[in-house]
Amino acid sequence: MDIIIIGVLLGGAYALMAMGLQLQYGVARIMNLASGEVLVAGSFAAFWFFTGANYSPIYSIFFVAPVAFGLNWLIYKIFMRPLVKRAKSEGQLEVDSILSTFGQSFILVGLMLAIFGGKYFNYSYLERPFDILGQAYELNRIVAFLFSITLCIVLYVWLNRTRVGLTLRAVSVNPEAAGLVGIDVPNAAALAFALGGAVTAAGGALLSMFLTFDASVGVIFTMKALVIVIMGGVRDIRGTILVAFILGLLETGVATLIDPGLTLASAYLLFILTLIVRPEGIFGKRSK
Amino acid sequence: MIEDKFLTRRELAGFIIAIVALAIAAMLPVLNTGYILSLGVTIAMYTVLSTSWALFSGPTHYISLATAAFFGLGMYVVGSGIEVLPFPILAIIATCAGAVLAFLIGVATLRLSGIYFVIFTLGLAEFIRQIVTWVQTTMGTSSGLYVLINIEEKTIYWRLLCLAAFVYLIGWGINRSRLGFALRIIGNDEEVAKHSGINVALVKVLLFMISGSIAALTGALLAPRWTYIEPTIAFSPMLSFLVVIMALVGGAQRLWGPILGVIPFALVWDLITAQFPNQTALMLGIAFLLVVYAIPNGIGGQGAKYWAKFKHWRDFRVT
């Protein structure tokens with residue numbers, strides 16, 4: 001029972017982080033390997049707000065998300081757009097964007113190391129017990145979970161009920177056709193990329209409430225987000241959310257029952273199973 | 001495509017240059033300074049790793065980040081068996097283990113789109129590291145292994161040079177063979193390759209196995225350099241990134257490309273890790289961006305372009 005509740009609470013934050021990457025990969029077609037670093041940057045911002053100004057991490061999201069949105073918009077316009085323009089094929093774009101976002105991730109790690117140093121960081125916010133079914137859990141995990149889920153729902157409704165959301169979904173299904181019906185594809189892609197970055201950074205701020213982090217931990221989060229997105233099916237948000245919870249449960253289970261050092265190994269196990277059984281993801285359509 | 005003559009004049013010239021270069025490189029221990037020799041070992045190591053990386057990733061455009069996994073595997077084979085078996089046999093086992101691992105990864109991911117492969121290899125070293133650490137802490141007592149054999153650094157250096165020569169020979173052989181021809185077609189257009197009856201997945205897996213077993217062998221050869229092996233040293237993800245960036249800086253499309261990246265990069269890297277140990281990530285990031293935006297084909301590709309321009313100017317100039 002313990003495992004299930006902690007797993008679900010963790011899954012909420014994973015869902016948010018994976019949705020960010022999903023927007024970037026599904027709509028903007030950029031496999032962003034710097035996603036984990038953006039997340040960690042969000043964590044650092046929340047940490048900085050909390051220890052420096054005694055600002056609640058929840059409020060800091062209202063600052064972190066818009067800033068991340070703006071910065072990611074710039075990153076897309078400066079770094080990614082030229083690659084999209086020069087790419088002759090989707091494979092070419094894939095290779096270029098992987099290398100470029102790799103570079104960005106290392107630069108971000110380098111900058112964070114230079115500013116904050118290589119130490120581990122955490123802070124205590126809302127570290128009070130909260131009872132669920134007679135068991136006590138840390139309140140910060142629950143608050144983070146509720147916020148993640150709210151953000152996920154808002155995003156989901158926004159994508160499915162508004163005109164801009166419809167545009168993004170159209171680009172994700174077929175960029176060329178979307179251009180033909182009068183959608184400004186470059187701007188839609190930039191919007192999706194920036195929005196994805198904002199969501200990821202917000203996820204980082206929420207995760208920092210109960211996880212210990214350091215400047216170079218980002219790649220682990222990138223891995224997890226990638227596994228979730230691939231497993232859930234690249235163009236489907238429902239799958240992403242579902243798999244995020246599966247991963248949260250699995251990780252918590254492995255960490256409590258076998259060894260806490262094996263969390264990435266469990267994510268990998270899921271990934272291998274997906275690749276062998278259903279490479280197009282749980283909700284993905286078979287393309288051929 | 002396949003030429004009648006065994007060696008063309010160009011190839012003969014290339015051979016002679018390569019042998020001379022190898023002979024000069026083999027003389028390095030004569031200088032008798034430990035620092036230069038250890039730098040030489042590093043350069044030889046990265047030359048082997050980057051060149052064998054480019055054998056697979058150059059023509060197929062699949063970015064493998066699994067070098068550290070193979071390297072660490074080779075190291076661990078030596079580390080765990082050194083008490084029982086002689087070193088040469090362990091080296092052979094390491095090579096085979098690398099090939100088997102590459103086969104498993106290849107079969108699981110290379111049938112699918114390239115993105116799966118990149119993601120899979122990205123965390124592979126970390127995944128194996130976690131498993132090894134877990135196995136060691138639950139079954140064994142210590143977290144590391146001792147490799148105590150009597151060996152001089154210059155012996156390691158010469159062994160690596162031999163391996164480098166071997167890698168170049170393999171690369172040259174592949175380029176001339178049907179396998180290399182098939183690879184070039186796959187690199188240009190995978191659909192075309194499929195329709196001309198090439199077993200695309202088989203070719204990719206085979207080549208990845210060659211590349212992986214060489215990386216594992218390199219790890220095995222280098223294991224005696226560290227007397228104490230730990231998972232964090234053997235499976236350091238930084239190694240994979242360095243190999244990729246060196247190969248790309250030099251140019252992964254040509255057999256002799258990676259070494260053009262390895263030598264300057266290894267020297268600069270050595271300087272940076274000594275002077276600014278905290279800024280290595282930043283430097284690596286800048287190098288990646290440079291490769292994508294400034295020199296997409298590497299030093300080798302850039303050089304070839306200017307050489308072609310020069311030849312055009314020489315042959316067609318109006319005097």
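**Chatting through the chain A and chain B interface**

Student: Hi! How many salt bridges cross the interface of chain B and chain A?

Tutor: Zero, going by the rule, which asks for a side-chain nitrogen of Lys or Arg within 4 Å of a carboxyl oxygen of Asp or Glu. Some ground rules: this is a predicted model, where local features need pLDDT of at least 70, side-chain atom pairs count only at pLDDT 80 or more, and totals for chains, interfaces and linings use all residues. Residues are numbered from 1 along each chain as its sequence is written, chains are lettered from A and ligands numbered from 1 in the order in which they are written, and side-chain values use heavy atoms, with hydrogens and water left out.

Student: Okay, and how many residue pairs are in polar contact there?

Tutor: Eight, with both residues at pLDDT 80 or more. A polar contact is a pair of N or O atoms within 3.5 Å; within protein, one must be able to donate a hydrogen and the other to accept it, and residues adjacent in sequence count only if both atoms are side-chain atoms.

Student: Which helix of chain B gives the most to that side?

Tutor: That's α5(B), with 14 residues. Helices here are DSSP runs (H or I, at least four residues), numbered from the N terminus.

Student: What area do the two chains bury between them?

Tutor: About 3,300 Å², and 80% of that is on carbon and sulfur atoms. Buried area is the accessible area (1.4 Å probe) that two parts lose on being put together, summed over both. On the chain B side, I115(B), I119(B) and Y293(B) lose the most area to chain A, together 18% of what that side buries.

Student: Switching topic: how many salt bridges are there over all chains?

Tutor: Seven by this rule. One of them joins E153(B) and R225(B), whose closest N and O atoms are 3.2 Å apart.

Student: Where do those two sit?

Tutor: E153(B) is in helix α6 (residues 153-176) and R225(B) is in the loop between α9 (200-222) and β2 (228-229), so the pair ties together parts of chain B that are 72 residues apart in sequence.
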